[in-house]
Amino acid sequence: MATRRRTWLGAALCAAVAVAACADGDDGDDAAPMTSSPATAGSATAPAGPAPPATTDAPASTIPEAGPTSADPTSSTAPPTTASPPTTASPSTLAPPDCTPAAVDGASADWDGGETVAATEIGATPDGLPVRAVVYPGPAETGNPWTQWGQGIVTTAGHFLSATGDHLGADGNSYLYDYDPAVGELTMIGDVLSLVDHQPGAWGYGKIHAQMISGPCGEVYVTTYWGTRTDLAYGDGYDGDLLLRLDPAARTTTVLGVPVPGHGIPSLAGSPDAGTLYGEATEPTSDPDGGSFFAYDIASGETTIVDDSADHVGFRALAVDADGGALFTMPEGHLTRYDPQSGETERLPDALPGTSLRAATAPAPDGTVYGVTQSPARFIAIRPGGTVEDLGEAPGYIASLAMEPDGSTVYFVPGAHGDAWKENTPLYALDTATGDQRVVVELNPMTEEALGLTAGGTYNLALDAAARRLFVGLNAGPADEREDTTFGDVVLVEVALAPPSAEPGENTGTETTAARATTVIDGGDIQALQCVAFATAERADSGDDGRADGPVWEDATSVSGLEDALVGMMGHAAAWGDLDGDGGSDLFVGTFADRPVEDYAERGADGPAPDAVLRADGEGEWADTETPFELGRTSGAVFADLDVDGDVDLVAARNTTNKSEVPTVILGNDDGRLETVDDSGLDAQSPGRSIGVLDVDVDGLPDLLVLEDRFRGESSRLYRNVGNLRFEPFDGAGWPDDVHGLGVGTGDLNGDGLTDVVVGGSNRVFVGTGDGLREITDAIAPWQFDGDEDDAAGVALGDVDNDGDADVVIGQHFNSTIDGDGGPGGEAPVRLYRNDTGGPGEDPVLVDVTADAGLIGLPTKAPHVALVDLDNDGWVDLLTTASVGDGAAPAVFMNDGEPGAGPSFTPPEGLGDDQYWVTGPTADVDADGRLDVFLVEWDPALPSRLLLNRTPAGNALQIVVDETLGGGPGTVVAAYEPGGAGDPGQLVGRVEISPTQGYSGGVDVVAHLGLGARESVDVVVIPPAPHDSFQLLGVAAGQRLRLPGGC
């Protein structure tokens, strides 16, 4: 039977967090929260910060199609009318949404970097794990009081988004924050009033009351709520509460309008496919709360009123079951379930043990939703089918829950509305199997001693399961006033659940610095992930391991259309990438176009041609897209999803000189079309060579390393990705200003789950630290050069001996081999360094085994190197761009290694010609499970060549990960014998996805694994932190899979 041991795979949820909205207590919205008087509450210590503007010149929030118009402002509670009211028809069903949020005309603002405050360590758990805290920065003026009512969310990058509000009605305002645990900094990223055309004295948005919810593209949805409903008046720009969209990748906040005019929104939840928001909307004159249950379709921006029954009660929490049904409370504790497939509602037979639902989790792997009721407070389990099971008494009023991904534990803090300090503000863990409750840590003694603030309670609890930490937002007040008030300040506490670094263990190549949840998929669920079944190809004998004596190539240059499309070029760069998401390999080719015109007048060209982007038609031909490029010196290129939106963007490195000042450029992908990013932040004067793509600070956004060579400044640049295809110099990351090189390789050398860097040229090695890079001095011994234009060049990382770690090969750009001055025979080898690192997190140890491995000297340049399995025998071969066969094919060293033995290669036959190619990126362009190669030609008189791999080969498997798991770079994929997943002794092969290959080359972000004669394997997929890992059991060979949800 197919099993899926973890089912919550939402696009932006890194942890299974509660889907409950957070309220301000049982006393009603407008009660001053646990304070002796408003004056006393207002006089509580407030953090300093910039005051919000009373008025703003920002454009008015544009309401979606069903937007309201202003009502008579003289009517205290007159709701606005609507030009077109929300529909009452059934909304769309829960088919997986397109990863494209609805386009809107609402105001948008960048996260322009407001006040930032650093967290400090305030204590430790009983297990000795650190506890950090930071007081939210805020405006200088007094709130009524400043409070936090809504639950935040952990983003795919491991950041924590949350909000505070001033609790005011007229001119009320709420503020949004981004906490980066990697550096321990909390930053104000914007406020609500600055996004709308607010008139002084008009009603505002004094709270963010509901939970933040993730969308299909990693974006986050937030609703506002009034600070008080007393004397609430519509008009002057206030028509009800707003829906906002936060984009962590682009670092923008956008107003989506008023989803339910004339209402506030105290609770919100999301469907399992992240395509629908469910909410409760209250009418301000109702007492007790009354209003509507609604559904908001993210793709269309359409609001559907599902239920506006007067019997609806609670308005503080929704639950969503594993089938996407939404649950809300009706009288006598009964739940009503909305079925998005039929659009109908039905009352569930079992009553809650309390009057209403107060908080709930996402579904556990078995489909159970855990929750807590109020009046009385009791823990419950809502089983599949709607049965409600009472799990026992809760120790107080609880407004937020956070669940471990396996459903075994639910975290909570009782006393949400200011009473938690009386029990030392305990953070509990509930064992869902036994009902046992244990205290993880008591927070109030720490906040009082370190901050002088009493931790009154929380409506904001979230778990980052990947990084093993909990975030707790606490309403707080001065410790010496705790008998009067525990409000006025807000504190964010970060509680570690595991040590910051994992203990060193066996170096299997799959270690990480933090524990992660693992999704296990087998049986029919794997079939749902398939994108491509490989075309029939000639295979090695079924009893053989697939090993071939050498590669067999078919020249497809002419029939593919590439011969005629690429005239007038001195080719120097090439990159494969799927521009339009159709599964094909599109191609970029870069050229040096700064020579005299007559130098290019070959093969029908009358001058230099610009760079070219060529699209695959799926039938074996490529056509120029006529993407406009300036004539420059394009030295390297790579396709990568830089803005993490699901499609690949292009970086072209330009080797600028006084003859050509065309700079390195980023081209963003807009629905398959590439458009130049004019303000990318890359230094226009920096002469680029090759491009490295890696997430240096582990924030989920790929950063860039642009190499400079020794002739053009020796100052390679490291850039931090700040979102929306914008970059800035990565100051303070440990990157020296004297690094030069021709090629760069990225991958995990020491098994700690972080990306490391090898620079070919200066031959320097850097390891990732989580917030920067640290150089390992003398990791590679200096090379001996025989001429002034001899250099180490391209870099390839790969596991040549199948021992679970990445070894290193560096190509040679030795001009002396062509001049005949390179010593005996004018030959120079590419060099192989075996990885002998002791264990995860240790400094890499790289041992030169070039001669012992059979890598003989080459009689021409071999600047490009790639470690790829060309015969699919499960052992990576070494492809170079030196030539064999009178210059007809690339020189390939076939791997003839054996388990447990050292690296061993068979030298190629037919060496001797001076012909070489600048670069030769590989890709399976014809979807037959074998890697083909594109050889980039420098001489305009000769064509660049596409060679299709026709080697009788073993079986193969390819793995792709989508943008919700980081898009590929840094993902480790390892194949094991069936039944041996994770066992180093059962390892079949290991690859790490990198969009950069060798020298000046870029490749598809696809993991290619040769399997020999194996018909199936187990596969472990480990995306970069903080994403969860996967085990795929019994995967059939001969296909390409895409995680997490298929194509």
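Colleague: How many bridges join strand 17 to strand 18?

Modeller: The model is a predicted one. In it, strand 18 covers residues 326-330 and runs antiparallel to strand 17. A319 stands opposite L327 in strand 18. The number of bridges that join strand 17 to strand 18 is two.

Colleague: What is the bridge partner of A326 in strand 19?

Modeller: Strand 18 and strand 19 run antiparallel and are joined by five bridges. They form a hairpin with three residues between them, and E332 in the turn has a positive phi of about 60°. For A326, the bridge partner in strand 19 is Y338.

Colleague: Which residue takes a positive phi in the hairpin of strand 19 and strand 20?

Modeller: Strand 19 and strand 20 pair over five bridges in the antiparallel sense, and D339 stands opposite E344 in strand 20. Their hairpin has four residues between the strands. The residue there with a positive phi, near 80°, is G343.

Colleague: How many of the six residues of strand 19 are buried?

Modeller: Strand 19 spans residues 334-339 and is mostly covered. A residue counts as buried when its relative accessible area is under 20%. In strand 19, the number of buried residues is five.

Colleague: Is D791 buried or exposed, and what is its relative accessible area?

Modeller: D791 is found in strand 51, residues 790-798. Its contacts, apart from neighbours within four places in sequence, include F711, L742, F785 and F814. Because the cut-off for a buried residue is under 20%, D791 counts as buried, its relative accessible area being 7%.

Colleague: With which side chain does the side chain of D791 make a polar contact?

Modeller: R710 is one of the residues in contact with D791 when neighbours within four places in sequence are left aside. The polar contact joins the two side chains at 2.6 Å. The partner of D791 in this polar contact is R710.

Colleague: Why do the buried residues of helix 2 line one face of the helix?

Modeller: In helix 2 (residues 444-451), the residues N444, M446 and T447 are buried. Seen down the helix axis, the buried residues line one face because they fall within an arc of 160°.

Colleague: How far apart in space are R438 and Y411, C-alpha to C-alpha?

Modeller: R438 lies in strand 28, residues 437-442. Aside from neighbours within four places in sequence, its contacts are L427, Y428 and A429. R438 and Y411 are 27 residues apart in sequence, and their C-alpha to C-alpha distance is 9.7 Å.

Colleague: What percentage of the residues of the chain count as buried?

Modeller: The chain has five helices and 70 strands. It exposes about 34300 Å², of which carbon and sulfur atoms supply 46%. Of its 1047 residues, the buried share is 63%.

Definitions and conventions. Residues are numbered from 1 along each chain as its sequence is written. Side-chain values use heavy atoms; hydrogens and water are left out. Two strands pair if DSSP finds at least two bridges between them. Buried means under 20% relative accessible area, exposed over 50%, partly exposed in between (1.4 Å probe, protein chains only). Contact means heavy atoms within 4.5 Å. A polar contact is a pair of N or O atoms within 3.5 Å; within protein, one must be able to donate a hydrogen and the other to accept it, and residues adjacent in sequence count only if both atoms are side-chain atoms. Accessible areas come from the Shrake-Rupley method with a 1.4 Å probe; for residues, only the protein chains shown count as cover. The arc is that of the directions from the helix axis to the C-beta atoms.
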